[in-house]
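I went element by element and wrote down what I looked up.

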Amino acid sequence: MAAGVATTSGVVATRYFLPGVDDAALDTYRQSDVEFIAQLGMPGAMDVVPSTLKEAITMSSVVLVGEIADVRPTEPVTGEVRSDKVYGLGMVVRPLEVIQGSLPLRFRDELTIDLLHGETHPASGLDEVRERRPKGPVVFFLRSGEDAVNRFIDSWKKEGKPVPGGTARLDRDRQYYGLVSYHGILV
Amino acid sequence: MVGPAGDPEWASVGMAREASAYPTLSELVAYLRILDSVPVGTNIG
C-alpha cells in the first residue's frame, strides 16, 4: 500500500507500508542460514570492517530486515575490451521492515544486492545457491547504488575531473544495493 | 549469537563483535530500532 503525501516543499513524498517482522521469525535459528552467510566471504571484495554498529549505520543508506526471495545473476561489468567481464550474483531481497534510513518506493517490493562473483558466469552453481539461501528474515546494512554513484560524481566534480567510464556503468550500479561490509548481513 | 557463527573470525572484530553480544536477532533489531541519533548514510564510500 502506498499513499502520496504533499509536503511543504511542493515535492510529493510517498509513504508506504511494509509487511513487518515478528520476533519469533527473527529468532528461528537455522544452521544452514549461518553457513550460507559464512560462505559469502569474498576476500578483498568487502574488506571494510566497521568498528561499531553505529559506524555501520553511517555507512548505510538503509538498514532493513528482509527475506532473500531469490538469487539471480546481475548485469556483468564490462571492461574496456568487451570480452573482459566481471560477473555478479544478485541476492533478491523482499523488504519486511526498514530499521534505519529510507528505502525508495521503487524498491518497496524487491531490491537486489549485487555481490562480486568473478570472471565466470554464475549460472552453473545458481540452483544450489538459490536452494541454500536463508529461509528466514535477515538483517542487512546496505548502501544504495544511487547514493554511491552520486558520491563518486560529487568527488570527481570537486576535483574538476570528467566522470570516468561513461554513464553505462553508473546506470548499472544505480539499480543495485551493496553490503557495506561482509559483516553487514546478520542471521 | 547473531551472525555467521560458522566463521570463527567473524565475531572477533569490529561491529561483528558488538552484534554477537546480542543473544538473539530480535534483541539486536530492537537495539537498532531505538538508535535515533545516528546520521544514516553520512559515511558512504
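Does A:Asp47 count as buried or exposed? I looked this up first, keeping in mind that I am working with a predicted model. A:Asp47 counts as exposed because it has 9 C-beta neighbours inside 10 Å, and the cut-off for exposed is 12 or fewer. I found A:Asp47 in the loop between α2 and α3 of chain A. I also checked its separation from A:Val180, and although the two residues are 133 apart along the chain, their C-alpha atoms are separated by 9.5 Å.

From A:Thr120 to A:Ser60, which are 60 residues apart in sequence, I noted 29 Å from C-alpha to C-alpha.

**Entry on confidence.** I then asked how far the prediction can be followed along chain A. The mean pLDDT of chain A is 86, and 88% of its residues reach 70 or more. Among the elements of chain A, β6(A) has the highest mean pLDDT, at 96, while strand β1 (residues 2–6) has the lowest, at 49. Over residues 4–11 of chain A the pLDDT stays under 50, and for this stretch the model has eight contacts beyond four places in sequence.

**Entry on the overall layout.** I counted six helices and eight strands in chain A, and along the sequence they follow the pattern β-β-α-α-α-β-β-β-α-β-α-α-β-β. Of the 187 residues of chain A, 29% count as buried. When I looked at contacts in chain A between residues at least 6 apart in sequence, 76% of them joined residues at least 24 apart. Chain B, by comparison, has two helices and zero strands, and 27% of its 45 residues count as buried.

I followed the partners of β6(A) one at a time. β3(A) runs antiparallel to β6(A) and is joined to it by five bridges, with A:Val62 standing opposite A:Leu142. Strand β7 (residues 177–179) of chain A pairs with β6(A) in the antiparallel sense over three bridges, and here A:Leu142 stands opposite A:Leu179. Strand β8 (residues 185–186) of chain A is also an antiparallel partner of β6(A), over two bridges, and A:Val139 stands opposite A:Leu186 there.

I went on from β3(A) to β4(A), which pair in the antiparallel sense over 14 bridges and form a hairpin with six residues between them. In this pairing, the bridge partner of A:Val63 is A:Gln100. β4(A) is in turn joined to β5(A) by seven bridges, again antiparallel, and A:Leu89 has A:Leu115 as its bridge partner in β5(A).

**Entry on the core.** Which residues have the most contacts inside the largest nonpolar core? I found a core of 42 residues, in which those with the most contacts are A:Val139, A:Phe140, A:Leu142, A:Leu179, A:Leu186 and B:Val29. The largest share of this core, six residues, comes from β3(A).

**Entry on the contact between the chains.** I finished with the two chains together, where 33 residues of chain A are in contact with 28 residues of chain B. On the side of chain A that touches chain B, the elements giving two or more residues include α1 (23–26), α2 (31–38), β4 (85–101) and α5 (145–158), while α3(A) gives the most, with six residues. By class, I noted 16 nonpolar, nine polar and eight charged residues on that side of chain A.

**Entry on α5(A).** As a last check I looked at α5(A), which has 14 residues and reaches 20 Å from its first C-alpha to its last, close to the 20 Å expected at 1.5 Å a residue. Just after α5(A), I noted that A:Gly160 takes a positive phi of about 70 degrees.

Note on methods
Residues are numbered from 1 along each chain as its sequence is written. Chains are lettered from A and ligands numbered from 1 in the order in which they are written. This is a predicted model: local features need pLDDT of at least 70, side-chain atom pairs count only at pLDDT 80 or more; totals for chains, interfaces and linings use all residues. Two residues are in contact if their C-beta atoms, placed from the backbone, lie within 7 Å. Helices (H or I, at least four residues) and strands (E, at least two) are DSSP runs, numbered from the N terminus. Ala, Val, Leu, Ile, Met, Phe, Trp, Tyr, Cys and Pro count as nonpolar, Asp, Glu, Lys and Arg as charged, and the others, Gly among them, as polar. A residue is buried if 20 or more other C-beta atoms lie within 10 Å of its own, exposed if 12 or fewer, and partly exposed in between; C-beta atoms are placed from the backbone. A nonpolar core is a set of buried Ala, Val, Leu, Ile, Met, Phe, Trp, Tyr and Cys residues joined through C-beta atoms within 7 Å. The expected span of a helix is 1.5 Å times one less than its number of residues. pLDDT is the predictor's confidence in each residue, from 0 to 100. Two strands pair if DSSP finds at least two bridges between them.
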